[in-house]
Amino acid sequence: EKLGNTEFQWESLNIEINGKVFVPVKVLNEVRREALEQLRETLLSQNRREMVKKQKNVLLVIKRGTEREKTVKKGRNSSIELLRIVCLVMIFWMHAADSGVANGIGAWIDIAVAVIGNIGVSCFILISGYYGIRLDVKKMMHLECMLLFYSWTGLLFQYVWGNALGGEEILSYLLPVIGKRSWYFTCYFALAFLSPFLNEMVEKLSEAHFRQLLITMLVIFSGVTTFFFFDINSDGGKGITQMVMLYLIGRYIGVYRADRQYRTAKLAGWFALLAGVNFCLNGALYVVTGTVQNRFARDNTLFTIFEAILVFLIFRNHHFENAFVNRLAKHVPAVFLFEWTLRGFISHYMFDYVARAGENTYEFLLLGIALLLVVMGSVIDWARVTLFHVPEAWCIEHIYRLGDRCVQKIRSKR
């Protein structure tokens, strides 16, 4: 057991000797010392190789992340901002599409709108993942103020229009961040608070392991849903699991494919192929069942996810700067939240477009309504920001300081 002041300990030692052998103690000590030095050098070299490999991966992530940040600082890519606006219009068009119709050209237009429009939310999260969410409590508080403003305004209009609301509906208006009515923002808040851990995981995983993780998630949460109609989360892709997966896909593109350009024509060809197959499958279901179901166009199907990725890459290929597009894109979250209140306002005070449902031109009318919603919502949100930005910022700053002092007091008592 004579190992000196080393970090090693004997667990077992087997010696086989044939015949009479004599070895001086001095020689045994030298053999032991040399063996320990060789063992230590072997272990250290292995650790050095592993550390170098990890450092290379981390440096690669930092380098690519820094390069992307430099690109962003030079100017916002208005092409990505334009994608946000286009997705919002398509989402609004899809929301009002006449689902469930039994015949007519409107049913086929509805299928086409669902195939293309349902990628909108996926694109939003891919963009967030590509640039990366950096948790900022003050920004989250501003987002919460925006949610409360439009939710409470919507609740007020519901009473003005005489709509009867149940207790759960009223609560979803009063506390929008925990209600199903604003599921996207509820999940986004959760994603924002998870982002520090997700970002750290991305930095520590090798590219190969990261890719394996994404493939596994796609198979479990999307592949099974696409081909077997079994939704493991029972949320149709409108939940935190779907958002985390899309965020990680966006992070993968941002970290490992940020400097790689794909031919736009090739991307557009793949998109047309996927959208065409998606349309045909949903059309076949319509012919068989007599109703528009759009099972293959739901948020959590492989068709929707890969269509969103292709569209995102197409817009990313084209870089331009436009101040108007950038300003308009800033209002996208608010307009998205205020959609249904704006629809009610149009129906009550402008014209009842729903009364024209069933006409062959109805789906195109809905596209016009979608564009009108974006314009009206952007103007209203511009007015809100102009009037309330200063008092809102003042309140948030004081609440933040108060919360920070409370946290410091709690920590000092521990």
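View 1. The volume of the second largest pocket is about 610 Å³. On a 1 Å grid over the protein atoms alone, a pocket is an open set of points with protein on both sides within 12 Å along at least five of seven lines, a cavity is a set where a 1.4 Å probe fits but cannot get out, and lining residues have an atom within 4 Å of a point. Grid points are joined across faces, edges and corners, and a volume is the space filled by probe spheres set on the points. The lining of the second largest pocket comprises 14 nonpolar, one polar and five charged residues (Ala, Val, Leu, Ile, Met, Phe, Trp, Tyr, Cys and Pro count as nonpolar, Asp, Glu, Lys and Arg as charged, and the others, Gly among them, as polar).

This is a predicted model, in which local features need pLDDT of at least 70 and side-chain atom pairs count only at pLDDT 80 or more, while totals for chains, interfaces and linings use all residues. Residues are numbered from 1 along each chain as its sequence is written, and side-chain values use heavy atoms, with hydrogens and water left out.

**View 2. The largest cavity.** The whole structure holds one cavity of 30 Å³ or more, and the volume of the largest cavity is about 40 Å³. Its lining is formed by Val121, Ser122, Ile125, Trp183, Gly237, Gly239, Gln242, Met243, Leu246 and Asp299, with helix H4 (120-131) and H9 each supplying at least two residues. By class, this lining has five nonpolar, four polar and one charged residues.

**View 3. Helix H2 against helix H11.** Helix H2 (residues 78-96) packs on helix H11 (residues 302-317) at an angle of about 140°, with the axes 7 Å apart; axes are lines fitted to C-alpha atoms, for helices over the stretch in contact, and angles run from 0 to 180 degrees between N-to-C directions. H2 is therefore oblique to H11, given that angles under 35 degrees count as roughly parallel, over 145 as roughly antiparallel, 65 to 115 as roughly perpendicular and the rest as oblique. From H2, Ser79, Ile80, Leu82 and Leu83 meet Val311, Phe312, Phe315 and Arg316 of H11 (contact means heavy atoms within 4.5 Å). Of the residues in this contact of H2 with H11, six are nonpolar, one is polar and one is charged.

**View 4. Helix H2 against helix H4.** The axes of H2 and H4 cross at roughly 155° and come within 8 Å, which means that H2 is roughly antiparallel to H4. Ile80, Leu83, Arg84, Cys87, Leu88 and Ile91 of H2 make the contact with Gly120, Val121, Cys123, Phe124, Ile127 and Tyr131 of H4. The contact of H2 with H4 has ten nonpolar, one polar and one charged residues.

Technical notes:
Helix = DSSP H or I, 4+ residues; strand = E, 2+ residues; numbered from the N terminus.
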